[in-house]
Amino acid sequence: MVRVRIHVDGIVQGVGFRPFVYTLARELAVAGFVRNTAAGVVIEAEAPPAVVDAFAAALRSGAPALARIDELRREPIPGTGAGGFEIELSTADGPRRTLISPDTATCVDCLAELADPTDRRHRYPFINCTNCGPRFTIITGVPYDRPATTMAGFPMCADCRREYDDPADRRFHAQPVCCPACGPRLRLVDTAGAELPGEPVNAAADLLLSGAVIAVKGLGGYHLAVDARSEEAVATLRARKHREDKPFAVLLSDLDGVRAWCDVTPAAAELLAGHRRPIVLLPRRPDARLAAALAPGNDHVGVLLPYTPLHHLLAAAVSGPIVLTSGNVSDEPISYLDDEATTRLAGIADAFLLHDRPIRMRTDDSVVRMVRGHPQPVRRSRGYTPEPITLPLSCPRPVLAVGAELKNTFCLARDRQAFVSHHIGDLENFETLRSFIDGIAHFGMLFDITPEVVAYDLHPEYLSTKHAMDLVDVELIGVQHHHAHIASCLADNGEVGPVVGVAYDGTGYGTDGTLWGGEILLADLTGFRRLAHLEPVPLPGGAAAIRAPWRMAAAHLQVAYGEELPVGLEVSGRHEALWGQVLAMAARGVNAPMTSSAGRLFDAVAALTGVRDDVNFEGQAAIELEQCVDLGETGSYPMGARDGLLLGSDLIRAVVDDLGRGVGVPAIAARFHRGLAAATVQAAATAAREHALDTVALSGGVFQNVVLLDLVTDGLEREGLQVLTHEQVPCNDGGISLGQAAVAAAQCSHRP
Ligand code: ZN
Ligand code: ZN
Ligand code: FE
């Protein structure tokens, strides 16, 4: 007989790991115990040596689906001779190193019970077990036990307690376990808070089908729901939410439902139906009878399948597509507290489908799109956070990276683990800033990380940067925005560089005080050099130019033609009143900071071609220009390079010439994309040769443009180069915090 102590690190709490160990030990006649600790799970096992080996091997190979074992360490200890195997109570001593499971979609066993009229949880909207249910959104402390969740206020009934205490039961130590007798309760109330008659789910479904807007309390916050087939209901929701064109996501009850509306590849189906359940962006079928107002000017639609029992019940009751969008007004963060939600959403929702299980962490739905057959995150949130991303090098000191201003996430890192937060949002109002600060404190507590190093963006006006500047007793490391994008792509791929990095985005603060955004860098995690960039143009009116692509058309024309502006352009005719003033602003550089932004070049072309003059959400003009592209077009605009500048003015003149010849917008859009891609490939390949590198990393929000991404990737691969793109975090500013953390880790570890 030998006795060993086995330490298991990873996601091993709240995922049915201890019952699995218990059952395995009993099967193999291993004596000892298993126990949750603040650092993970510890097991003591006593048996003949061969049995102990088999037991340890099976811990890895047979672990429950939701478990993630990062490390398994064994140490011999003296035997005790005691028989039997027990699950011991948790201890909270020692450093907290355990991981927390993301929220997980309802499992098939729970779904079967939900549909079974003889089951005591038949149609119970809060059914869950160790394999599924809420986790991150309800955890208030560690170790993960019921008192440290928002289920603390629901004492278990005798039946639930029996399941909870039985190691052979699927609900053994499932912390959120509950039933109609003891758990949270659903209510449907009107805007005055008065309960509406009828069974809440069915009554809510009836209201939806009659055209009402319903606020539904979900896992990480409130959603607003309407019937997705009703043009009128969707228009009402847009008007009340002050959301003009930004697409809405649609909830469907099952995969067959999705196939009726969208083209679904097998990989997309797997993602839709998997346990993370993000919104997946899919090409919408031409015959799909969805309201046009759902995603104006967009040939894709965001679709998701139910991920909580409540969503399953609601989708089945409506038996058709339901718009499910964040419960907020325009760009405010999603509501998650009951009082606040009923107040803030009172002018939008006609009724509220509520429950009394509190939400601790506000978490939006994640958004993923399929690129070249692989999932690529657009927004990484519910179902993914707080699972750590493994850094390519170890971080010698605990790091906080505060992220960017828009699409903010923050990141806490220690050793090789980077905990990238859920999507916080745009840090431009008090509510979002509050959830940013609360989120950092919460992550610090959950993962026991007290930052000693704080990484921030160089932009002095970002609220995240200002927050970093206010912190005391920490070392501050400024990370240039586009370096952070490339570092993020490196960390995402487990690489340290050096590589050639292509960072194309809206704008980010450059080391020379101008706004960058079309950058070719030589970069590794520690530092970077700016090798080439798009030809700078003025941003006439600053932030106003970002909302008005026609201003960028004026600025780009001014740079391309100087005094000799072409006459008869439609864009100038459409903005006669301000056109001269904006041109003058651009020419004199008054209130017109210079920018090498790739995003603003797309804006200029979108306005020149009449695709879009003004935007009401980020990236709108570029998205619509991309969707115009004639994929069969083989022509391309020449784009020169001189002294480290990629000459956008060449592209602008070519667009103007084609417009003058009466060439159609789909061909112009295609030639523009192809021209920019070819020049990018050329510049990156030249840089790679000069610096003897074989890898190019692509990052920045502009690479959400699939046409551009495809052209650049194919071109670089034809040059024999390896291409890195994002798989774990978004290429947009949602990925910045990971890049900042990786840079801070690299800089700290390269010091004596
Ligand atoms: Zn389950
Ligand atoms: Zn119960
Ligand atoms: Fe950016």
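**Exercise 1. The zinc site**

Task: In this predicted model, find which residues coordinate the zinc ion (ligand 2), and state which geometry the site has.

Solution. 
1. Start with the donors. The zinc ion (ligand 2) is coordinated through the SG atoms of C157, C160, C179 and C182, at 2.3 Å.
2. Read their spacing along the sequence. The donor residues follow the pattern C-x2-C-x18-C-x2-C.
3. Turn to the angles. Among the four donor atoms they run from 103 to 118°. Four donors count as tetrahedral if all angles lie between 85 and 135 degrees, so the site of the zinc ion (ligand 2) is tetrahedral.
4. For four tetrahedral donors, the ideal angle at a metal is 109.5 degrees.

**Exercise 2. The largest cavity**

Task: State how many cavities of 30 Å³ or more the model holds, and describe the lining of the largest cavity.

Solution. 
1. The count is five cavities of 30 Å³ or more.
2. The largest cavity holds about 140 Å³ of space. It is lined by 17 residues, and those closest to its centre are P125, L219, T308, P309 and R357.
3. Sort the lining of the largest cavity by class: eight residues are nonpolar, seven polar and two charged.
4. Assign domains. Domain 2 (100–183) and domain 3 (186–355) each supply at least three residues to the lining of the largest cavity.

**Exercise 3. The second largest cavity**

Solution. 
1. The volume of the second largest cavity is about 80 Å³. Its lining has 14 residues, of which G14, V15, G16, R18 and H173 are the closest to its centre.
2. By class, the lining of the second largest cavity comprises six nonpolar, seven polar and one charged residues.
3. Helix α1 (residues 17–28) gives the most to this lining, with three residues.

**Exercise 4. The setting of G302**

Task: Name the strand in which G302 is found, and say whether G302 is buried or exposed.

Solution. 
1. G302 is part of strand β11 (residues 300–304).
2. The relative accessible area of G302 is 7%. This value is under 20%, so G302 is buried.
3. For a distance, take R284, which is 18 residues from G302 along the chain; their C-alpha atoms are separated by 9.1 Å.

Note on methods:
Residues are numbered from 1 along each chain as its sequence is written. Chains are lettered from A and ligands numbered from 1 in the order in which they are written. This is a predicted model: local features need pLDDT of at least 70, side-chain atom pairs count only at pLDDT 80 or more; totals for chains, interfaces and linings use all residues. Side-chain values use heavy atoms; hydrogens and water are left out. On a 1 Å grid over the protein atoms alone, a cavity is a set of points where a 1.4 Å probe fits but cannot get out, and a pocket is an open set with protein on both sides within 12 Å along at least five of seven lines; lining residues have an atom within 4 Å of a point. Grid points are joined across faces, edges and corners, and a volume is the space filled by probe spheres set on the points. Ala, Val, Leu, Ile, Met, Phe, Trp, Tyr, Cys and Pro count as nonpolar, Asp, Glu, Lys and Arg as charged, and the others, Gly among them, as polar. Domain bounds come from an automatic or database domain assignment. Helices (H or I, at least four residues) and strands (E, at least two) are DSSP runs, numbered from the N terminus. Donors are N, O and S atoms within 2.8 Å of the metal (3.2 Å for Na, K and Ca); water is not among the atoms, so sites may look incomplete. Four donors count as tetrahedral if all angles lie between 85 and 135 degrees; four count as square planar and six as octahedral if opposite donors are over 155 degrees apart and all others between 65 and 115; anything else is irregular. Buried means under 20% relative accessible area, exposed over 50%, partly exposed in between (1.4 Å probe, protein chains only).
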